[in-house]
Amino acid sequence: MEIGDMIEINRGQYKHWALYIGHGKVIQLITPDGPSKVAFCSFSSFSGSVACKGTVTIETLQDVAAGNTYKINNYLDDEYKPRPTDVIMGDVDKLRGSTIKYDLLGNNCEHFVTFLRYGKSKSKQADDFLKDVLTGTAGLLGVLTAFTASTAAAASTLSK
């Protein structure tokens, strides 16, 4: 595993993403835990998107994986050139511990790690979900299920 590798963590109904930063640690974007999380989130009836404030954390990969399977998945390497390690680590230093916008479909953990690696925010998982919604194979229940699972996993990670 090398600094800047994107780590895809299988959480069942969705994939969580983190970026390897060396010495067994990863950086990730997660949503807050507890009853106060309602204050951190809003729902747009126009776009159908849920927006929250997320926290950038650095933890060990083992703690973030929490027993789930994971793999290196730098799936955009054929499309974009990874940024130099010193640029990635400069952003890691700037972002660690900060609170930033979190949007399940527009700025999620996958968008966060692709930005760090490539300087471009992309999420195949969100794009695929939106395609499914547009073709009628998913709906509001799917959005709520994904959001609930995402928030529960983030809460689990934060409580460690």
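**Aromatic pairs**

Start by selecting tyrosine 75, which is partly exposed at a relative accessible area of 26%. Keep in mind throughout that this is a predicted model.

How many aromatic pairs does a search of the whole structure find? The search returns two. In one of them, the ring centres of tryptophan 17 and tyrosine 75 are 5.7 Å apart and the planes meet at 55 degrees, so the pair is tilted. Tryptophan 17 counts as buried, with 3% relative accessibility.

Next select tyrosine 80 and tyrosine 118. Their ring centres are 6.0 Å apart and their planes are at 50 degrees, so this pair is tilted. It also links distant parts of the chain, since tyrosine 80 is in the loop between E6 and H2 and tyrosine 118 is in helix H3 (residues 109-118), 38 residues apart. Both tyrosine 80 and tyrosine 118 are buried.

Then show arginine 83 and phenylalanine 115. Arginine 83 lies over the face of phenylalanine 115, at 5.2 Å from the ring centre.

**Salt bridges**

Select arginine 117 together with aspartate 5 and aspartate 77; a network of salt bridges links Asp5, Asp77 and Arg117. The contact between the side chains of arginine 117 and aspartate 5 is a salt bridge of 3.9 Å, N to O. Arginine 117 is in helix H3 and aspartate 5 is in the segment before E1, so this pair ties together parts 112 residues apart in sequence. Is arginine 117 buried or exposed? Arginine 117 is buried, with a relative accessible area of 8%. Aspartate 5 counts as buried, at 8% relative accessibility.

Now turn to the other partner. The side chains of arginine 117 and aspartate 77 form a salt bridge of 3.0 Å, N to O. Since arginine 117 lies in helix H3 and aspartate 77 in the loop between E6 and H2, the pair ties together parts 40 residues apart in sequence. Aspartate 77 is partly exposed, with a relative accessible area of 32%.

For another salt bridge, select aspartate 93 and arginine 96, whose closest N and O atoms are 3.1 Å apart. Arginine 96 counts as partly exposed at 45% relative accessibility. The count for the model comes to six salt bridges.

**Around helix H2**

Select H2 and colour by accessibility. Which residues of H2 are buried? They are Ile88, Asp91, Val92 and Leu95. These residues span an arc of only 105 degrees around the axis, which puts them on the same side of H2. An α-helix has 3.6 residues a turn, so residues three or four places apart point the same way. Asp86 and Lys94, on the other side of H2, are exposed. Glycine 97 follows H2 and has a positive phi, near 80 degrees.

**Positive phi outside glycine**

Go to histidine 23, in the loop between E2 and strand E3 (25-30). Histidine 23 is not a glycine, yet its phi is positive, about 55 degrees. At 81% relative accessibility, histidine 23 counts as exposed.

Then go to alanine 66, in the loop between helix H1 (61-65) and E6. Alanine 66 is not a glycine either, and has a positive phi of about 50 degrees. Alanine 66 is partly exposed, with a relative accessible area of 37%.

Switch to a surface view and select Met1, Tyr70 and Ile72, which form a nonpolar surface patch with about 270 Å² of accessible area together. Tyrosine 70 is in strand E6 and is partly exposed, with a relative accessible area of 30%.

At 58% relative accessibility, glutamate 2 counts as exposed. Glutamate 2 and isoleucine 72 are separated by 70 residues in sequence and by 9.5 Å in space, C-alpha to C-alpha.

**The whole chain**

Finish by clearing the selection and viewing the whole cartoon. The chain has five helices and seven strands, and along the sequence their pattern is β-β-β-β-β-α-β-α-β-α-α-α. Of the 160 residues in the chain, 42% are buried.

Technical notes:
Residues are numbered from 1 along each chain as its sequence is written. Side-chain values use heavy atoms; hydrogens and water are left out. Rings of Phe, Tyr and Trp (its six-membered ring) pair if their centres lie within 6.5 Å; planes under 30 degrees apart count as stacked, over 60 as edge-to-face and the rest as tilted. Buried means under 20% relative accessible area, exposed over 50%, partly exposed in between (1.4 Å probe, protein chains only). Helices (H or I, at least four residues) and strands (E, at least two) are DSSP runs, numbered from the N terminus. A charge sits over a ring if NZ of Lys or CZ of Arg is within 6 Å of the ring centre and within 35 degrees of the ring normal. Patches are made of residues with over 30% relative accessible area and no salt bridge: like charges are joined within 9 Å, nonpolar side chains (Val, Leu, Ile, Met, Phe, Trp, Tyr) within 5 Å. Accessible areas come from the Shrake-Rupley method with a 1.4 Å probe; for residues, only the protein chains shown count as cover. A salt bridge is a side-chain nitrogen of Lys or Arg within 4 Å of a carboxyl oxygen of Asp or Glu. The arc is that of the directions from the helix axis to the C-beta atoms.
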